[in-house]
Amino acid sequence: MLRTRPIGVDVGNPRSEFGDFEGTRFLLPFHWPDLDAYMAVFRASMQAARQMLPSDGLVPVRWLDGSALVVVEAARANLFAARLEGGEVRQAAPFGMVHAALLVARSDPGPAPMAFSRRRSARHRLGALQLAFPITSPIGAAVGKVAFGEAKFVADMSFVEGTSERSVTVTEDGELVLRLAVMPRGPVTRYSADVWLYMAPGDELLSMAAPAKGYRQFRLGRRAASLDVGDHPAAASLRALAVDRRPVMSMNFLQYAFDQYAVEPVAPCRPLAYYSNAAERAAYTVEYEGLGVIDVHTGLSDALLRDELIHTQP
């Protein structure tokens, strides 16, 4: 069971009660009730992973052969909701995001996949140390960086949805950051986990609780997914980790949702060098089999794109 209190967040002070962003006060938790998501886990250099760790409060999770592990997750957020101080609920325009992270824990959980058991994962606070976090939403990048210390930056994303492969290509100014493809196979099972995310934006290692649930297809083996890493500066950490392009496992979610709680301090650390930019617009497209490419931003006004938290419910 999560022990993190559902307190709010304040820009510049991530452990206060409310969240102020450009004059609007939000309450935590944030809700992500409808995501189209998939992810894959790849082997990486254990020596490079240990050198990259920003704090003695974390250890790399290891695969059966002693390799470190990197997870790359892609998601299309169809719905994001947050409650204002006065009780109103705000939703966001749809956006895409990709999360690249090193799998870590507070103490050694043993080799994966045994380390992924729910009991052992919770005991050792197994989670993901953020390396890169491209997102198509400028306001989402701003809130994530300032309020939570997340490694978010604005980038273009092209998603392809098919029955044999789901993929996303992330670029900035035409330069490849990464491309992830997952082959959806395997039986469908219920998924429920307490996900821990770790960030190192300054001299304090931060953790965030994100209880997640849904239904997934789980697949082991090198044919489960593929990863291409570009020469873009945002992918420097992945190149430094010598990430294997062939996965050890993948997860394809048929239904996925999570809640986002406040960050908490874990231990002193040295800051990681996260890529950042000042982009105010990003392309976000989805190509479905037989339907062609859909521009998700088509029909949205310029004003809506400038302030994406636009839909208000009573």
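The largest pocket in this predicted model has a volume of about 930 Å³. Its lining comprises 42 residues. Closest to the pocket centre are Met39, Tyr191, Ala193, Val195 and Met251. Eight elements are named as giving two or more residues each to the lining: strands S2 (24-44), S4 (68-84), S6 (95-105), S7 (127-135), S12 (188-199), S13 (204-220) and S15 (247-260), together with helix H2 (118-123). The top contributor is S12, with eight residues. By class, the lining holds 29 nonpolar residues, six polar ones and seven charged ones.

The protein as a whole contains five helices and 19 strands. Of its 314 residues, 55% are buried. Among contacts with a separation of 6 or more, 71% join residues 24 or more positions apart. The accessible surface comes to about 13,800 Å². Carbon and sulfur atoms account for 51% of that surface.

Val61 counts as buried because its relative accessibility is 1%, against a cut-off of under 20%. Beyond its neighbours within four places in sequence, Val61 is in contact with Met46, Ser67, Ala68, Leu69, Leu103, Val104, Ala105, Pro109, Ala112, Ala115, Phe116 and Leu126. Asp108 lies 47 residues from Val61 in sequence, yet the C-alpha to C-alpha distance between Val61 and Asp108 is 7.2 Å.

Terms used:
Residues numbered from 1 in each chain as written. Predicted model: local features only at pLDDT ≥ 70, side-chain atom pairs only at ≥ 80, totals over all residues. Heavy atoms only, no water. 1 Å grid on protein atoms, 1.4 Å probe; cavity = no way out; pocket = protein on both sides within 12 Å on 5 of 7 lines; lining within 4 Å. Points joined across faces, edges and corners; volume = space filled by probe spheres on them. Helix = DSSP H or I, 4+ residues; strand = E, 2+ residues; numbered from the N terminus. Nonpolar A, V, L, I, M, F, W, Y, C, P; charged D, E, K, R; others polar. Buried < 20%, exposed > 50% of the residue type's maximum accessible area, 1.4 Å probe, protein only. Contact = heavy atoms within 4.5 Å. Areas by Shrake-Rupley, 256 points an atom, 1.4 Å probe, with all protein chains shown as cover.
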